[in-house]
Amino acid sequence: MTKTVTTADNGATIEVQPGDEIVVRLEENPTTGYRWETDRVGGPLEPAGDSYQMSTPGTIGGGGVHEFRFRATAPGTAHLALKNWRSWEGENSATRRFALDVRIGG
């Protein structure tokens, strides 16, 4: 099963089963230099890839959606955190953060 979350779910707790995939979809405009990146993945979750899709292909300076995928590997609890930042400017450049608690049933 796949569970999709967005910025509306920031700070929420979700429940999934081992083997389920969590898809985090966050709006991003990489032309500003700010990119979403995984800040922390704790517990029985493993990264399963990420991708970016422009809202309107071919639009210069336009934004889109960055999609991160994580897989629940075992029962337990996990915490996931992402940040929108300019990596070359360091931690103080983070303008937005996303966090999610995950309960993985067994």
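Reader: Leaving aside its neighbours within four places in sequence, which residues is Leu26 in contact with?
Author: This is a predicted model. In it, Leu26 is in contact with Thr6, Thr7, Trp36, Gly64, Val65, His66, Leu82 and Phe98, once neighbours within four places in sequence are set aside.

Reader: Where is Leu26 found, in which strand?
Author: Leu26 belongs to strand E3, which covers residues 21-28.

Reader: Is Leu26 buried or exposed?
Author: Leu26 is buried, because its relative accessibility is 0% and the cut-off for buried is under 20%.

Reader: Which sheet contains E3, and in what order do the strands come?
Author: E3 is part of an open sheet of four strands, in the order E1-E3-E6-E5, with mixed pairing. Its edge strands are E1 (2-5) and E5 (45-54), each of which pairs on one side only. On average, neighbouring strands in this sheet are turned by 20° against each other, direction ignored.

Reader: How many bridges join E5 to E6?
Author: Nine bridges join them, and the two strands run antiparallel. Among the paired residues, Leu45 has Ala72 in E6 as its bridge partner.

Reader: Now the sheet with E2: what is its strand order?
Author: The order is E2-E8-E7-E4, again an open sheet of four strands with mixed pairing. E2 (13-16) and E4 (35-42) each have a single partner strand, so one side of each lacks a neighbour in the sheet.

Reader: How many bridges join E2 to E8?
Author: Four bridges join E2 to E8 (residues 96-104), and these strands run parallel. Val16 stands opposite Ile104 in E8.

Key
Residues are numbered from 1 along each chain as its sequence is written. This is a predicted model: local features need pLDDT of at least 70, side-chain atom pairs count only at pLDDT 80 or more; totals for chains, interfaces and linings use all residues. Side-chain values use heavy atoms; hydrogens and water are left out. Two strands pair if DSSP finds at least two bridges between them. Axes are lines fitted to C-alpha atoms, for helices over the stretch in contact, and angles run from 0 to 180 degrees between N-to-C directions. Buried means under 20% relative accessible area, exposed over 50%, partly exposed in between (1.4 Å probe, protein chains only). Contact means heavy atoms within 4.5 Å.
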